[in-house]
Amino acid sequence: MYNLFERPLITSKHDHRQYRIVTSPNGLKVLLISDVKATRSAVAMTIAAGHFRDPEECPGLSHLLEHCLFSGCKAYPKENQINQYIESYGGHINAWTAAEMTGFHIDCPNEDFALCNAMLANMLAHPLFPEQAISNEIQAIDSEYHYKQQDEQRRIYQVDKETCNPNHPFSQFSVGNKDVFEQYPVNQVAEMLRQYHDVWYRADNMRLCMLSNESLDDMESKFLPEYHILSNEPTCQDEAAEALYLPQNLAQKIEIKPLKNLHLLTLSFILPDIHQWYRNKPETIISQMLGHEGEGSLLDYFKHRGWATHLAAGGGMQGKTFKDYTVSIHLTNKGLKAIPDILNAVFYYIELIKGEDFPKWRFKEKQQLNLLNYEFQDDVKASDLVNHLAIQLHYYPDEHISFGEYVLDDHSPEPARQLIQLMKQENMRIKLVSPTASTEHMTKWYNTPYSLSPIPDGWVNAIQSPTPVKELSLPSVNHYLPEHLSLLPLNPELDSPIRISQHLNGESWYGQDQTFRLPKGEVFITFASPEFNLDINAAAHTRLWAAAIQEHLNNEFYNAGVAGIYCHLYPHQNGVSLHTSGFADKQLSLVKDILEQLTQAPCIEPYFNQVKLRRVQALKNSLLNKPVNRLFTALNTVMQHNYMPEELTQSVLNSSMEDVQNAGKRLFQSHWQSLIYGNWMQNEAEQLDAFIAQRFNNNGVEQCENKILELRELESHFSFVNCQHDDSALVHYIQAPDNSAYDILMCMMLEHILSPSYFDWMRTKKQLGYHLGCGYLPYREHPGLALYIQSPHASADELYLETQRFLSTVPSGIFRINDSGWRKLKENLARILNAHDVNLSMKCQRLWTALETSHQTDSDKASLTAKVEQLTRSDIAEYLFNLINKNMGTLSLLSVGAKGTAQDLPARELTNLAQFRQKEKLIQ
């Protein structure tokens, strides 16, 4: 029945899965993955057509089609019938539209996989395009369009679209909105959707990837026949592509005025299709040098002069025939005045690269890194894996579908020479994004002010004839590359960490992973003291110190990160934590080096002004964040007894170097806790513990108490949060009355009941917004639920009142769930409670969280699972009824947007969130 591809896939030697590539009789290419350990199945379909295929008269049509395929098909005709079924019983379905591709993916419990494949095949093969559903989805896309109006990246992107070759499909508007679609009668839109679907949704233009616990033979016989209904008509061949940029679009300076306080300099070079060199990867070799951050690098040079805070090389748009390679530099105010010097340094560095002429050792080092990352990569969720591989099926030959992004077996310098020669003035565009930009045009769709002019003469001199910069040098050999990758002997009793020491002011825990068996590990060390966040000034100083130290670590140990050993120092509610992860070899030595530097109070002066400026900008820009994001920031702040960004701004501005240095000294008056988990022997962990104890050995330490706000004690239950955005938004948080196993179980079950129903009520039926959802959200292991929605056309009070109406209907609706549906809900909840960690990183994070909160997750899982079978519909309906009617603990945060408010809300308003810290009761 199926054509079998004879060349086997190259896979990691640690990969236990089985793979098979087949082509069905209608021309559909399929990758089957059998994983006997899989507790969930997943399937993804990609179509080699995206918004580049939109008709000129209707931009965004491919995006609308993606939405409308959920609106009913021949076998499942009801609107949203498929996604509501899948979401209601523990699965997930989603879709996306890109420039040259569209994708759909589902993950579900194993027993539902046959039905999910039937649903996916039918919605892709036989959509109905009902006119009312099309009108609803036009409204949803318009909401999505407005939701992105203040998305800075989208606004800048639109300038690129309007200043490229107008005959290239990239120039077209890709999202769509009411103005575009409502030019036509809805029946005409339906016909355009059918035509697009008929032309591009054909089997030979599609790629399918599926993963389940079934055997390859059973997958082939049980699931693939569902896709025989896809069209077997051959897809038309591509026409010759237009150039992305015409000569007049190059050697240009583009100035753009952002909404946020942002200074960004981007150099954009147009390159040919780089995929032809996927076995050589010349662009990654160049990026590894231009984007280096250690001593002698461009970024190190810019930081020491106070010109820039970040640099990234290698991004940019990419298609079948082009690559728009970018070097992006985040400038400071000082750097904004030094652009000719910055350009001089960049192009002098390019000359250094040309002069070295790409020695083979660079390719070999990158090859080694790629092989290490491939052989010892963390597992990912089944849905992420199939979605990724369904894309790769379009690009790589059969044997390299999994390995193509990593393979580097061609060490020829010639492709890299070709690319570096294209990094010149006549082949580039310079974008300067800044509030000080001089602009004269406005983009059509996102109202972005911009201007276009030739590159100034003063900049041209720096580009064409750069003067030497003695501080710059190319990266040398990386000495952090791991050498010892063997797995150490296991002690079966160490899968759960054991405490290996207990000091007066600290303790260490140690364990060995028994599940993933990788030569990796993770180390967590937290330093906790009330002094770190004693008041708003102390909190500001701690954040600045942690940011400055992280900059220092990035500079000192950048090569470790390149070699797969990462370090992160971050502030939190109780103090600061150090986290390292990656290959075990050389990692504990890195931890000791970092701690040794912390004890010696490293000089933060080179970074102080930069991190202070960046922190102030981020705090001020937070008011421009999307309303839902802003409301969740406010919720996290009040629940965890913290400070809002705008409250911290003045304290950050007033912070001196001495203040920030003193914050670091609090490490020596802290209680510390560490977890050393991975491919290490116990004596190695004990040596690190002794090292920590010797250097941080203060005895008179006051331990922190982990507290959250108790919402039952509030006198007021809603508050308006300032947000500089036209959309209104709501986050409605319901806190469980207790943190017992019963409350956790109830809230987790309610998430599964409420989530698809809230989406259907607020978006499908009421058409109130595009971005919305419901999720289980615990704070310090105390359970709760958050419902959220953002809307471009409804008022904040309408969102609040409609959410209350929705919640009031749910308890009675629970009794309408049939026996089969109730059984599936309980089975899915039990499956979630007993789900295994997807990868080592997830496992380490779970174990660390359990230690931090003294929460014994494994025993709780068993306790919760035992209670699931006893749950009745009456239990959950009564529990929800009490939550929403007996004021057991709720807080609604609202952003009014341009619509304002129209009526009083049936709750008392809290006018000042900061008052919580002074008088409200906290749960310990």
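**Salt bridges and the burial of their partners**

Arg 40 counts as partly exposed, at 22% relative accessibility, in what is a predicted model. The side chain of Arg 40 meets that of Asp 107 in a salt bridge, with a distance of 2.6 Å from N to O. Since Arg 40 belongs to strand E4 (residues 40-47) and Asp 107 to strand E6 (residues 102-109), the pair ties together parts that are 67 residues apart in sequence. Asp 107, for its part, has a relative accessibility of 11% and therefore counts as buried, the cut-off for this class being under 20%.

A second salt bridge is formed by Lys 303 and Glu 551, whose closest N and O atoms are 2.4 Å apart. This pair likewise links distant parts of the chain, for Lys 303 is in helix H10 (residues 298-304) and Glu 551 is in helix H17 (residues 536-556), 248 residues apart. Lys 303 counts as buried, at 9% relative accessibility, and Glu 551 is also buried, with a relative accessible area of 6%.

The salt bridge between the side chains of Lys 470 and Glu 471 has an N to O distance of 3.2 Å. Here Lys 470 is exposed, with a relative accessible area of 76%, while Glu 471, at 32%, is partly exposed. In total, 41 salt bridges are found in the structure, among them the one between Asp 107 and Arg 40 and the one between Lys 303 and Glu 551.

Note on methods: Residues numbered from 1 in each chain as written. Predicted model: local features only at pLDDT ≥ 70, side-chain atom pairs only at ≥ 80, totals over all residues. Heavy atoms only, no water. Salt bridge = Lys/Arg side-chain N within 4 Å of Asp/Glu carboxyl O. Helix = DSSP H or I, 4+ residues; strand = E, 2+ residues; numbered from the N terminus. Buried < 20%, exposed > 50% of the residue type's maximum accessible area, 1.4 Å probe, protein only.
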